[in-house]
Amino acid sequence: MRGDARGHPGVPGDHTALTPIRQNAAVLLPEVPEFSARARPDRTALIFEDRSWTAREFHDDVARLRSALGALTSPGERIAVVSDNRAEVAMSLYSGIPTMFGNARLAARELAELLADVEPTVLVG
């Protein structure tokens, strides 16, 4: 496993120049795309199959997805994403909208049980 000089696995390079979004506070998962886009907009953020996204492109696509999903839900409502691995699944993870992820390979009964527990407002598949 590769790592940076401080031993962080899979994170090459010097991160001392990165400035947090809020001083002395943890970065929340939905803030990561913005943080990355501001710090290193041209660095590759995601590679899936034959496509790659820079940090800026990933941030912009996450923002568009957040807007689209936000238009379909109210605060506190959840969505469910049932899919094989796709770039959009990673984007929905960073959207900040409560999401249940279900693999499309689950048996129908297993998926029905998950959906019954979560009671999503929107099902994306």
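A salt bridge is a side-chain nitrogen of Lys or Arg within 4 Å of a carboxyl oxygen of Asp or Glu. Arg105 and Asp84 meet that rule, with N and O 3.6 Å apart. The model here is a predicted one. By the salt-bridge rule, the count comes to six. A search of the whole structure also turns up one aromatic pair. The largest nonpolar core has six residues.

**Salt bridges**

- Side chains of opposite charge can pair when their charged atoms come close.
- Arg105 pairs with Asp84 in a salt bridge of 3.6 Å, N to O. Arg105 lies in the loop between β4 (99–103) and α4 (108–118), and Asp84 in the loop between β3 (79–83) and α3 (87–93), so this pair ties together parts that are 21 residues apart in sequence.
- The two partners sit in separate accessibility classes. Arg105 is exposed, at 72% relative accessible area. Asp84 is partly exposed, at 37%.
- Glu34 forms a salt bridge with Arg38, and their closest N and O atoms are 3.8 Å apart. Both lie in helix α1 (residues 32–39), and because they are four residues apart, about one helical turn separates them.
- Glu34 is partly exposed, with 34% relative accessibility. Arg38 is partly exposed too, with a relative accessible area of 47%.
- Arg109 bridges to Glu113, with the closest N and O atoms 2.9 Å apart.
- Arg109 is exposed, at 57% relative accessible area. Glu113 is partly exposed, at 43%.
- An α-helix has 3.6 residues a turn, so residues three or four places apart point the same way.

**Aromatic rings**

- A pair of aromatic rings is described by the distance of the centres and the angle of the planes.
- The search of the whole structure gives one aromatic pair. Phe58 and Tyr94 form this pair, which is edge-to-face, with 5.6 Å centre to centre and 85° between the planes.
- The pair links distant parts of the chain. Phe58 is in helix α2 (residues 55–72), while Tyr94 is in the loop between α3 and β4, 36 residues apart.
- Phe58 is buried, at 8% relative accessible area.
- The charged end of Arg51 sits over the ring of Trp53, 4.1 Å from its centre.

- In soluble globular proteins, nonpolar side chains tend to be buried together.
- The six residues of the largest nonpolar core are Leu46, Trp53, Phe58, Val62, Ala87 and Met91. Helices α2 and α3 are the elements that give two or more residues to this core.
- Leu46 touches core members Trp53, Phe58 and Ala87. Its contacts also include Arg51 and Ser52, leaving aside residues up to four places away in sequence.

**Helix α1 and its cover**

- Pro33, Phe35 and Ala37 are buried in α1. What covers the buried residues of α1 includes α2.
- Ala37 lies in helix α1. At 2% relative accessibility, Ala37 counts as buried because the cut-off is under 20%.
- Ala37 touches Ala55, Arg56 and His59, not counting residues up to four places away in sequence.
- Ala37 and Phe58 are 21 residues apart along the chain, and their C-alpha atoms are separated by 8.1 Å.

**A buried serine**

- Ser92 has its place in helix α3. Ser92 counts as buried, at 3% relative accessibility.
- The side chain of Ser92 reaches the backbone oxygen of Val89 at 2.8 Å.
- Beyond residues up to four places away in sequence, Ser92 touches Leu65, Val81, Thr99 and Phe101.

**Positive phi in two loops**

- Glu49 has a phi near 50°, a positive value in a residue other than glycine. Glu49 lies in the loop between β1 (44–48) and β2 (51–54). Glu49 is exposed, at 68% relative accessible area.
- Glu119 has a positive phi of about 50°, although it is not a glycine. Its place is in the loop between α4 and β5 (122–124). Glu119 is exposed, at 59% relative accessible area.

Notes: Residues numbered from 1 in each chain as written. Predicted model: local features only at pLDDT ≥ 70, side-chain atom pairs only at ≥ 80, totals over all residues. Heavy atoms only, no water. Buried < 20%, exposed > 50% of the residue type's maximum accessible area, 1.4 Å probe, protein only. Phe/Tyr/Trp six-rings, centres within 6.5 Å; stacked < 30°, edge-to-face > 60°. Lys NZ or Arg CZ within 6 Å of the ring centre and 35° of its normal. Polar contact = N/O pair within 3.5 Å; in protein donor to acceptor, adjacent residues only side chain to side chain. Contact = heavy atoms within 4.5 Å. Core = buried A, V, L, I, M, F, W, Y, C linked by side-chain atoms within 4.5 Å.
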